[in-house]
Amino acid sequence: MAVVACRECGGKVSTKAAACPQCGAKPKQPTSVFAWFMGAAAGMVVLSIVTSSLGDRTNPYEHPVTATPAASSSAASDRLAKEQAALAAKRLERERAFAAAGPAKVTTEMRRLVAARKYEAALAYGDPYFDVGDKDFRAAYEQASKGVEAETKKKWARKEGVRIGMTQDEVLASSWGKPHHVNTTTTSYGVREQWVYDSGNYLYFRNGILTTIQN
């Protein structure tokens, strides 16, 4: 049993007494352990709710905004437009350079080089104006391109030897070269040729196309 001061008159009164014997006021009851525990638990629940609410707020500095598909598509379109504009500007520069050099002069020099079978030199000369729209220049440039392609094929043929389907000119330009002797047979089906080489190898052609290799 505990004795406490009466909250009304200040006199001493037992905690077990129903009322103060002096003024009749009910004494203050001490807080129980269970009450303290329940209060602490309630406080922790409230604190948890407040903390969770604050944590859900988005910080724009911690979570940067990512580009949406629409924004990415727009950026790609802008980049493509800039690249196309740059290409157009370069082509305009080549057109102006071609006009300054003299279309007739450039085309004549291209034709001269092609006629001399200097195809690579012709391409090198015409490369600064490779996409101009002048028809005569375009024709000369295409001839030079085809000449370079043909020369490249001949170089590869010399390295690779012969293969079925080659023309007689391609075989002559290959590592086999010119035959020692040629036997020709003409029939209603066309012309057949047998090329004989010193090494004992034979090539057979039908209408100018290699069909058989015998070695």
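Helices are DSSP runs of H or I spanning at least four residues, and strands are DSSP runs of E spanning at least two, with both kinds numbered from the N terminus. In the predicted model considered here, the chain contains six helices and six strands by this definition. Read from the N terminus on, the elements follow the order β-β-α-α-α-α-α-α-β-β-β-β.

Of the 215 residues in the chain, 22% are buried, and the accessible surface amounts to about 15,800 Å², with carbon and sulfur atoms contributing 57% of that area. When contacts between residues at least 6 apart in sequence are considered, 32% of them link residues that lie at least 24 apart.

Within the helical part of the chain, α3 (residues 103–115) and α4 (residues 119–126) have axes that come within 8 Å and cross at roughly 165°. Angles over 145 degrees count as roughly antiparallel, and the two helices α3 and α4 are therefore roughly antiparallel to each other. The crossing in which α3 passes α4 is left-handed. On the α3 side, the residues that take part in the meeting are Lys 105, Val 106, Glu 109, Met 110, Leu 113 and Val 114, while α4 contributes Tyr 119, Ala 121, Ala 122, Tyr 125 and Gly 126.

Leaving aside residues up to four places away in sequence, Arg 94 touches Pro 128, Tyr 129, Phe 130, Asp 131 and Val 132. With one of these residues, Asp 131, the side chain of Arg 94 forms a polar contact, side chain to side chain, at 2.8 Å.

Notes
Residues numbered from 1 in each chain as written. Predicted model: local features only at pLDDT ≥ 70, side-chain atom pairs only at ≥ 80, totals over all residues. Heavy atoms only, no water. Buried < 20%, exposed > 50% of the residue type's maximum accessible area, 1.4 Å probe, protein only. Contact = heavy atoms within 4.5 Å. Areas by Shrake-Rupley, 256 points an atom, 1.4 Å probe, with all protein chains shown as cover. Polar contact = N/O pair within 3.5 Å; in protein donor to acceptor, adjacent residues only side chain to side chain. Axes fitted to C-alpha atoms, helices over the stretch in contact; angles between N-to-C directions. Parallel < 35°, antiparallel > 145°, perpendicular 65-115°, else oblique. Left-handed = near helix turned anticlockwise from the far one by under 90°.
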